[in-house]
Amino acid sequence: MKQQSGRAGRVDVVVIGAGHSGLAVSHELTAHSIGHVVLERGGVANSWRRERWDSLRLLTPNWLSRLPGYAWTGADPDGYMAVDEVVSFIAAYASVVRAPVQTGTTVTAVEPVADGYRVTTDAGAWRCRAVVLASGAANLPVVPALAAGIPRHVRQLTPHAYRNPRDLEPGGVLVVGASATGVQLAHEIARAGHEVTIAAGEHVRLPRVYRGRDIQWWMHSAGILDDRYDAVDDLRRVRNLPSPQLVGSRERVLMDLNALMDEGVRVAGRLAGLRDGLLQFSGSLANVCALADLKMHRLLASIDEWAQRNGFPGTGERFPATQVQKTPTLALDLSGGAIRTILWATGFRPDYSWLGVPVLDRKGMIRHDGGVAAAPGLYVIGLPFLRRRKSSFIHGAGDDAYDIVEHLAGYLSGLARPAPARRAS
């Protein structure tokens, strides 16, 4: 890694963010001999260093961790990298590709100028012809507005602030959200001895292991993770789906609502409101769980069809339906002291407060076509389903970076050529 400090000036491309996506873009820019700098507010892999809880592991197995010109090597291909291992992996990649990273440099503004963009930082300003936003999709936790009315004696946390169960007050915990983050934290906190309730809205249920292999192996091999953004019916909905209920553990355990209930976790429906210290939950939990079960088994059926076509013996198993109480929990009184902590596992969103280019929609999200933003010379990478279903995973950054830099190179040369369909992985 060519680490720079305190420099500013003129360059063809500024890449904002030195996580795995920004570094993959740097690799491709170097391959095209395009001059660039990568600006990072902290250190390489900053969000992994500072915004992750202690026990977090990747949802993808080690053998699938790869970036352009680099791949995981080690003695445990079926394991799942812990936070410190991910940091080391990304930092090593930055060194291998000799990315021109300027660390400790916070971008404060990006503004269009006559010949491109002005990128202002706390260490000076850069002028460039193009900008790639690789600052991540999970900069800010999403917390519902009703959180403002939670009684003061109930502590509120987000996954950015939570590190381990020792951070929590003694007593009950409400985890709001049942994606990968929600189920992992509910499980960990229940194991630590807390009474836990989880509020579950729409979720994606998946087995960790299917037909003797990690579910990610099947989705990768069958090409499901290569599904393209321009070939799905409802792209907005797909991009907003929660992460699947998976946990990375050497035991490859199944982690779903049934597993949580076996640990004594109480499951309620989607958090719907707050009135006079009484949290209100949707009564549609049974329908939500039935739909998640149906979608999971449809996916498994498609994997079975692919397996049969490709000569894999045997048949796939099916999993028990999600068990739901006949009388669902519809309310929870916060005034009695039973709940001491609420953990908002309700998702994240990017932070573009410094972006002075008119490309944001009414929700503050960038308008783009597969990473090509709605402004000349502006690109984005690292968002869910940016170009492919795998875009949000480490191994998905390479193909997205290749396509985006191909388009960017054409833009810089004055050619109006679209990004290619895909590069073979």
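This is a predicted model: local features need pLDDT of at least 70, side-chain atom pairs count only at pLDDT 80 or more; totals for chains, interfaces and linings use all residues.
## The enclosed cavity

The largest cavity is lined by Leu 257, Met 261, Val 267, Leu 285, Cys 289, Thr 322, Gln 323, Val 324 and Gln 325. The volume of the largest cavity is about 40 Å³, and a search of the whole structure for cavities of 30 Å³ or more finds one.

Two helices, H7 (257-262) and H8 (285-309), each supply at least two residues of the lining of the largest cavity. Sorted by class, the lining of the largest cavity has six nonpolar and three polar residues, with no charged residues among them.

## The second largest pocket

The second largest pocket has a volume of about 370 Å³. Its lining is made up of 17 residues, of which His 187, Val 247, Ser 249, Val 253 and Met 255 are the closest to the centre of the pocket.

Helix H4 (residues 180-191) gives the largest share of the lining of the second largest pocket, namely four residues. In terms of class, seven of the residues that line the second largest pocket are nonpolar, five are polar and five are charged.

## The protein as a whole

The protein contains nine helices and 23 strands. Its C-alpha trace spans about 65 × 60 × 40 Å along the principal axes. The radius of gyration is 22 Å, and because a compact globule of 425 residues would have a value near 22 Å, the protein agrees with that expectation.

Of the 425 residues, 51% count as buried, and the accessible surface of the protein comes to about 18500 Å², with 50% of that area belonging to carbon and sulfur atoms. When contacts between residues at least 6 apart in sequence are considered, 69% of them join residues at least 24 apart.

## Two loop residues with positive phi

Ser 33 is not a glycine, although its phi is positive, at about 55°. This residue lies in the loop between helix H1 (20-31) and strand E2 (36-39). Ser 33 counts as exposed because its relative accessibility is 69%, which is over the 50% cut-off for that class.

Phe 385, likewise a residue other than glycine, has a positive phi near 50°. The loop that holds Phe 385 runs between strand E23 (378-380) and helix H9 (397-412). With a relative accessible area of 4%, Phe 385 is buried, since buried means under 20%.

## Gly 396, in the loop between E23 and H9

Gly 396 is also placed in the loop between E23 and H9. Its relative accessibility is 0%, and Gly 396 therefore counts as buried. When residues up to four places away in sequence are not counted, Gly 396 touches Lys 390 and Ser 391.

The C-alpha atoms of Gly 396 and Ser 65 are 9.2 Å apart in space, while the two residues are 331 residues apart in sequence.

## Val 131, in strand E8

Val 131 belongs to strand E8 (residues 124-133), and because its relative accessible area is 0%, Val 131 is classed as buried. Once its neighbours within four places in sequence are left aside, Val 131 is in contact with Val 14, Ile 16, Val 110, Tyr 117, Val 119, Gly 377, Leu 378 and Tyr 379. One of these partners, Leu 378, falls within strand E23 (378-380).

A separation of 31 Å lies between the C-alpha atoms of Val 131 and Arg 57, two residues that are 74 residues apart along the chain.

## Asn 46, in helix H2

Asn 46 is located in helix H2 (residues 46-50). Its relative accessibility is 6%, so Asn 46 counts as buried. Not counting residues up to four places away in sequence, Asn 46 touches Glu 40 and Arg 41.

Methods
Residues are numbered from 1 along each chain as its sequence is written. Side-chain values use heavy atoms; hydrogens and water are left out. On a 1 Å grid over the protein atoms alone, a cavity is a set of points where a 1.4 Å probe fits but cannot get out, and a pocket is an open set with protein on both sides within 12 Å along at least five of seven lines; lining residues have an atom within 4 Å of a point. Grid points are joined across faces, edges and corners, and a volume is the space filled by probe spheres set on the points. Ala, Val, Leu, Ile, Met, Phe, Trp, Tyr, Cys and Pro count as nonpolar, Asp, Glu, Lys and Arg as charged, and the others, Gly among them, as polar. The radius of gyration is taken over C-alpha atoms; the globule rule is 2.2 Å times the number of residues to the power 0.38. Buried means under 20% relative accessible area, exposed over 50%, partly exposed in between (1.4 Å probe, protein chains only). Contact means heavy atoms within 4.5 Å. Accessible areas come from the Shrake-Rupley method with a 1.4 Å probe; for residues, only the protein chains shown count as cover.
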